[in-house]
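Please keep the sequence and the structure in view while reading.

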Amino acid sequence: MRLLVVEDEPGIAAFLRQGLTEEGYAVDVVGDGERAIEFALSAPYDAIILDILLPKKDGFQVCAELRRRGLRTPILMLTARGAVEDRVRGLDTGADDYLMKPFAFAELLARVRALLRRPAVALPTLLQVGDLTLDPVTRRVERAGRPIELTPREFSLLELLMRHPGQVLSRTQIAEHVWNYNFFHQSNVVDVYVRYLRRKIDDGFQPRLIHTVRGAGYKIEAPRQ
Ligand code: CA
């Protein structure tokens, strides 16, 4: 899952980048409202974390403009403590949720996960393909009841595939959601990680679930019964 963080305070921006990256998210960080709009419209982010006080355009303007342009990506706004009118205004301009500064990182993570669950209505909490299950909240992955240990990046890749079962995802689509701006043009990174993932979830199991679709990309699918 790929996130855009819009925050002009270098300390908070670095803290968010590091923490979210460690959780396996692909993270891009921008420091002003104009860049925020440019980035948000140019890459398929899964969620946006948006500060209100920003240079060039503030968070309200950014949010309103993105919604006006039809962008439906979930937005979490960071507001100053106690500023009730900020929260109301944020929700009115099209933000999906807000979090008061200063915040605990664990709470931010929980809010982000909630936003990522939201877009697909009735998306099950537990993702399942054949005998493979992935729980986005506890981050547990099991195949045939056996727990499988994944790195954060492998987990992120598997989660993306499992959110689109049976659907072919191109290397570019995968890279755009699993890696940030600095990495996604290194095209073979996707193939390398798919290989890692296969070793863990397909080797030693039947049937194979991750399929290469020549010239198109990858998909995860269990054969029909
Ligand atoms: Ca700020």
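## Terms and model

A residue is called buried under 20% relative accessible area, exposed over 50%, and partly exposed in between. By this rule A144, at 49% relative accessibility, counts as partly exposed. The model described here is predicted.

## The calcium site

The calcium ion has three kinds of entry in its list of protein donors: D8 (OD), D51 (OD) and L53 (O). These donors lie 2.1 to 2.3 Å from the ion. Along the chain, the donors follow the spacing D-x42-D-x1-L.

Are D51 and L53 buried or exposed? D51 is buried, because its relative accessibility is 4% and the cut-off for a buried residue is under 20%. L53, in contrast, is exposed, with a relative accessible area of 68%.

## Helices α1 and α5

Helix α1 covers residues 10-22 and helix α5 covers residues 105-117. Their axes come within 11 Å and cross at roughly 65°, and the crossing is right-handed. On the side of α1, the contact is made by F15, L16, G19 and L20; on the side of α5, F105, L108 and L109 take part. Of the residues in this contact, 6 are nonpolar and 1 is polar, while no charged residue is present.

## Helix α8 and its surroundings

Helix α8 is formed by residues 188-201, 14 residues in number. From its first C-alpha to its last it reaches 20 Å, close to the 20 Å expected at 1.5 Å a residue. The buried residues of this helix are V189, V190, V192, V194, L197, R198 and I201. They pack against the strands β7 (132-135), β8 (140-143), β10 (210-213) and β11 (217-220), and against the helices α6 (152-162) and α7 (171-178).

V189 belongs to α8 and has a relative accessible area of 14%, so it counts as buried. From C-alpha to C-alpha, V189 and Q173 are 13 Å apart in space, with a separation of 16 residues in sequence.

T133 is placed in strand β7 and is buried, at 16% relative accessibility. Which residues does T133 touch, not counting residues up to four places away in sequence? The list consists of L126, L127, Q128, R140, V141, E142 and M162.

V141 is found in strand β8 and is buried, with a relative accessible area of 3%. Leaving aside neighbours within four places in sequence, V141 is in contact with L132, T133, L134, R146, P147, I148, L150, F155 and L158. V141 and L126 are 15 residues apart in sequence, and their C-alpha atoms are 9.8 Å apart in space.

## R67 in helix α3

R67 is part of helix α3 and is partly exposed, with a relative accessible area of 22%. Apart from its neighbours within four places in sequence, R67 is in contact with R72, T73, P74, I75, T93, G94 and D96. R67 and E142 are 75 residues apart in sequence and 38 Å apart in space, C-alpha to C-alpha.

## Backbone features in the loops

Most residues other than glycine have a negative phi, and most peptide bonds are trans. Several places in this model may be read against that background.

The peptide bond from K101 to P102 is cis, with omega near -10°. P102 is located in the loop between β5 (97-101) and α5. A cis peptide bond also joins Q206 to P207, with omega near -10°, and P207 lies in the loop between α8 and β10.

Where are the residues K56 and A144 placed? K56 is in the loop between β3 (47-51) and α3 (59-68), and A144 is in the loop between β8 and β9 (146-147). K56 has a phi near 70°, a positive value in a residue other than glycine. A144 likewise has a positive phi, near 50°, and is a residue other than glycine. K56 is exposed, with a relative accessible area of 60%, whereas A144 is partly exposed at 49%.

Conventions:
Residues numbered from 1 in each chain as written. Predicted model: local features only at pLDDT ≥ 70, side-chain atom pairs only at ≥ 80, totals over all residues. Heavy atoms only, no water. Donors = N, O, S within 2.8 Å, 3.2 Å for Na, K, Ca; no water. Buried < 20%, exposed > 50% of the residue type's maximum accessible area, 1.4 Å probe, protein only. Helix = DSSP H or I, 4+ residues; strand = E, 2+ residues; numbered from the N terminus. Expected span 1.5 Å × (residues − 1). Contact = heavy atoms within 4.5 Å. Axes fitted to C-alpha atoms, helices over the stretch in contact; angles between N-to-C directions. Left-handed = near helix turned anticlockwise from the far one by under 90°. Nonpolar A, V, L, I, M, F, W, Y, C, P; charged D, E, K, R; others polar.
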